[in-house]
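Try each task before you read its solution.

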Amino acid sequence: MAKKDHVSETPATQLLKTNKVVFTEHPYEYLQHGGAQHSAEVLGFDPFTVVKTLVMQDQDAKPLLVLMHGNRKVSTKNLARQIGAKSVEPCKPEEASRHSGYLVGGTSPFGTRKAMPVYIEESILALPKIAINGGRRGYLVGIAPQVCVDLLGAKSVNCALAD
């Protein structure tokens, strides 16, 4: 059988493998409410290159995903304006899990339960490589940011606020 040198498959890694995406695996000790800053610190990554997956919703409670730098916040006003919504707000944790199929803290934009529009902060696309959740708490995958556009149809937005 396979050696224990990688984390067991998730819907996210399954999707990446099916689409022949090259990725690196980065397991780490998960910390409740540690967020992207914690994972960046533990793994020795720049928090700007660690991308968090945020499940949000518009005024009609339609879910959407926002991919944001680990050390930035989302300006929901700017985001709403750019995507043509009246308003955007974060989903409650239980709603986020229901939409994505992942536990909060382990949300990946890949292999979600529901198909949702994906928006990516434009400056992420300029990075050579990003670390993004692999579908489990305490598990990031390293990929080229362009994969988010190619696989998810992510649309670029400018809605980052300094953390």
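The exercises below go from model confidence to helices, strands, side-chain pairs and backbone angles.

**Before you start**

This is a predicted model, in which local features need pLDDT of at least 70 and side-chain atom pairs count only at pLDDT 80 or more, while totals for chains, interfaces and linings use all residues. Residues are numbered from 1 along each chain as its sequence is written, and side-chain values use heavy atoms, with hydrogens and water left out.

**Exercise 1. Find the part of the chain where pLDDT stays under 50.**

Step one: recall that pLDDT is the predictor's confidence in each residue, from 0 to 100. The chain averages 94, and 95% of the residues score at least 70.

Step two: go to residues 1-5, where pLDDT stays under 50. For this stretch the model has 1 contact (heavy atoms within 4.5 Å) beyond four places in sequence.

Step three: decide how to read it. Where pLDDT is low, the predicted coordinates should not be read in detail.

**Exercise 2. Work out which residues of helix α1 are buried and what they pack against.**

Helices (H or I, at least four residues) and strands (E, at least two) are DSSP runs, numbered from the N terminus. Buried means under 20% relative accessible area, exposed over 50%, and partly exposed in between, with a 1.4 Å probe and protein chains only.

Step two: in α1, which spans residues 11-18, the buried residues are Ala12, Thr13 and Leu16. They lie on the same side of α1, because they cover an arc of only 90° around the axis, the arc being that of the directions from the helix axis to the C-beta atoms. An α-helix has 3.6 residues a turn, so residues three or four places apart point the same way.

Step three: look for the partners. The buried residues of α1 pack against β7 (130-136), β8 (139-143) and α5 (146-152).

Step four: zoom in on Ala12, which counts as buried at 1% relative accessibility. Leaving aside neighbours within four places in sequence, Ala12 is in contact with Tyr102, Ser108, Phe110, Gly111, Gly134 and Gly135. Ala12 and Tyr139 are 127 residues apart in sequence, yet 11 Å apart in space from C-alpha to C-alpha.

**Exercise 3. Count the salt bridges and the disulfides.**

Step one: apply the salt-bridge rule, a side-chain nitrogen of Lys or Arg within 4 Å of a carboxyl oxygen of Asp or Glu. The structure holds 1 salt bridge. Glu9 forms a salt bridge with Lys17, and their closest N and O atoms are 3.3 Å apart. Glu9 is partly exposed at 40% relative accessible area, and Lys17 is partly exposed at 40%.

Step two: a disulfide is a pair of cysteine sulfur atoms within 2.5 Å, and the structure holds 0 of them. For the sulfur of Cys91, the closest cysteine sulfur is in Cys159, at 15 Å, too far for a bond. For the sulfur of Cys159, the closest is in Cys148, at 14 Å, again too far. Cys91 is buried with a relative accessible area of 11%, and Cys159 is buried with 1%.

**Exercise 4. Where do Lys20 and His33 sit, and are they buried or exposed?**

Step one: recall the background. Most residues other than glycine have a negative phi, and most peptide bonds are trans.

Step two: Lys20, in the loop between α1 and β1 (24-27), has a positive phi of about 55° although it is not a glycine. Lys20 is exposed, with a relative accessible area of 73%.

Step three: His33, in the loop between β1 and α2 (35-43), has a positive phi of about 65° and is not a glycine either. His33 is exposed, with a relative accessible area of 76%.
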